[in-house]
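Here is my note on the model you sent. Please read it with the coordinates open.

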Amino acid sequence: MTCDYKKGFADQTKEITVSSLEVEGVIPDWLSGTLVRNGPARFRLEGKTLNHWFDGLAMLHKFDIANGHISYANRFLDTPALRAAKDGKMKYGEFATDPCRSLFKRITQVFTGSTSGANANVSIGKIAKEFVAQTETPLPVAFDVDTLKTIGIVSYSDGLKGNLTTAHPHQDQGDQFNYLLSFGHKSTYNVYRLSDGSKKRQLIGSYSTGRPSYMHSFGLSQQYLILMEFPLVVNPISMLVRGKPFIANYTWKPERGTRFSLVDRQTGEVRYAHTDEAWFGFHHVNAFDNNDHSKIDLDIIVYPDADVVQYFYLNSLLNKRNQEAYPKNELRRFTIDVPAGTVSSRRLVDHSAELPRINYEQCNRKTYRYVYANGIARQGESAFLDTVVKFDLTGDVKEWRQDGQYPGESVFVARPDARSEDDGILLTVVLDSTANNSYLLLLDARDLSEIARASVPQHVPFGFHGAYIRS
Ligand SMILES: [Fe+2]
């Protein structure tokens, strides 16, 4: 097993601007826009390594593509968490690291979110006219896409309250959808719609639960928002008093099985479905209804348990020897019979993968054929995601991989006159562990052949998600 991926978890504290990256290959003339990516870039504070990949301080990376040239810039997101770090302090609780020992402070942080470090290191979105960095605390941080300068935490013009959300809102016809989880003796999921250009979230529907689940994303079909509640659950009251970092309060209870809560997008009515099987996952891929909305197909990358959360602890990722390989997962389709409240499922692809993307503009909440993701070159041997994979749901798997190269999430950009679902380019930031730098890789999404690569003169730490903004 090679462990040279570890350079992807090394701090990158240099903020640079490069007006024209060295390019191998030819950038297509039609490709004109900006790829903005988000991810942690500083994992060491107060002389100690943070606990988890998800804990690192947010950095934005930007690739402007125009006229066959690519420029690059990177900048930390200027948040309370970053400012504390500049003073040499770890002041705020993150996903799996928490310096906060005072019960009063803990209650304030967990239940108001107002003193959160706003370390929005997961994804890129847009609220009203501003681009935002997003994470799972509901404090999106606006930034200027030209300069990458931080504008500040977005204030919504509504009274919706909650402690947790997802960094994966869905878009549909000018609206975006997400939920807020409000912790309490009974916790409440508040599902909302945010219209294009607005900062006022409109509540669609709510439901309560005694033991909320850790969910990183959700599904959207034509009719429903679908929350797949894995049996990784928390007792919010004991979370306050136990003094553990956020995710360490969640426990795996496979005997609960997996519940699907379906919130009707029009009426807010909530229906439930259940399977006795226990699943865990981070990323929904797509969802779609049948003609009369009585059945929903929900595609998601699932693991048989939540051990992958442990796998992403930096202590685990940075100290691996030869035993432990990337946890096995699969792309699985769950078919929900809405009136019956039952669920059946089948494996679509038996190939471990993460960070899935689709041709979202064309295929979101519709039948589709292709999934792009990061895969594992050698099942049971590779310790970290080391390939770009393309799943054709009719059966074929294509891969791009090279020794010592660690690609991140692939963002699909359709060709302007695209003739097929996969007629476009994948934009992927790759860590070259042999050269100790990174590059932006352009692949033809049809066959994963390389079109070009543009070298960044330093490494880009492993991040999570990005967005492509057309010029
Ligand atoms: Fe994610």
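The points below run from the whole chain down to single residues.

1. Basis. This is a predicted model: local features need pLDDT of at least 70, side-chain atom pairs count only at pLDDT 80 or more, and totals for chains, interfaces and linings use all residues. Numbering starts from 1 along each chain as its sequence is written, and side-chain values use heavy atoms, with hydrogens and water left out.

2. Secondary structure. The protein has 34 strands and 6 helices. Both are DSSP runs numbered from the N terminus: helices are H or I with at least four residues, strands are E with at least two.

3. Overall dimensions. The radius of gyration is 21 Å; a compact globule of 471 residues would be near 23 Å, so the protein agrees with that rule. The radius is taken over C-alpha atoms, and the rule is 2.2 Å times the number of residues to the power 0.38. Along the principal axes, the C-alpha atoms fill a box of roughly 55 × 55 × 50 Å.

4. Burial and surface. Of the 471 residues, 61% are buried. Buried means under 20% relative accessible area, exposed means over 50%, and partly exposed lies in between (1.4 Å probe, protein chains only). The protein exposes about 18700 Å², and carbon and sulfur atoms supply 46% of that area. Areas come from the Shrake-Rupley method with a 1.4 Å probe.

5. Contact range. Take contacts between residues at least 6 apart in sequence: 61% of them join residues at least 24 apart. A contact means heavy atoms within 4.5 Å.

6. Charge. There are 54 positive and 54 negative side chains, and the centres of the two sets lie 6 Å apart. Lys and Arg count as positive, Asp and Glu as negative; His and the chain ends are not counted. Each charge is placed at NZ of Lys, CZ of Arg, CG of Asp or CD of Glu.

7. Aromatic pairs. The structure holds 39 aromatic pairs. One of them joins Tyr214 and Tyr250 edge-to-face, at 6.0 Å centre to centre with 80° between the planes. Which parts does this pair tie together? Tyr214 is in the loop between β15 (201–209) and β16 (219–220), and Tyr250 is in the loop between α3 (236–242) and β19 (251–252), so the pair links parts that are 36 residues apart in sequence. Both tyrosines are buried. Rings of Phe, Tyr and Trp (its six-membered ring) pair if their centres lie within 6.5 Å; planes under 30 degrees apart are stacked, over 60 edge-to-face, the rest tilted.

8. Positive phi. Most residues other than glycine have a negative phi. Ala128 has a positive phi near 55°. Ala128 sits in the loop between β8 (123–127) and β9 (130–134) and is buried at 16% relative accessibility. Leu148 also has a positive phi, about 65°. Leu148 lies in the loop between β10 (141–143) and β11 (150–153) and is buried at 0%. Please check both by eye.

9. Tyr360. This residue is in helix α6 (residues 360–363). Tyr360 is partly exposed, at 28% relative accessible area. Beyond neighbours within four places in sequence, Tyr360 contacts His170 and Gln171.

10. Gly463. Where is Gly463 found? Gly463 is in the loop between β33 (450–456) and β34 (466–470). Not counting residues up to four places away in sequence, Gly463 touches Asn38, Gly39, Pro40 and Trp53.
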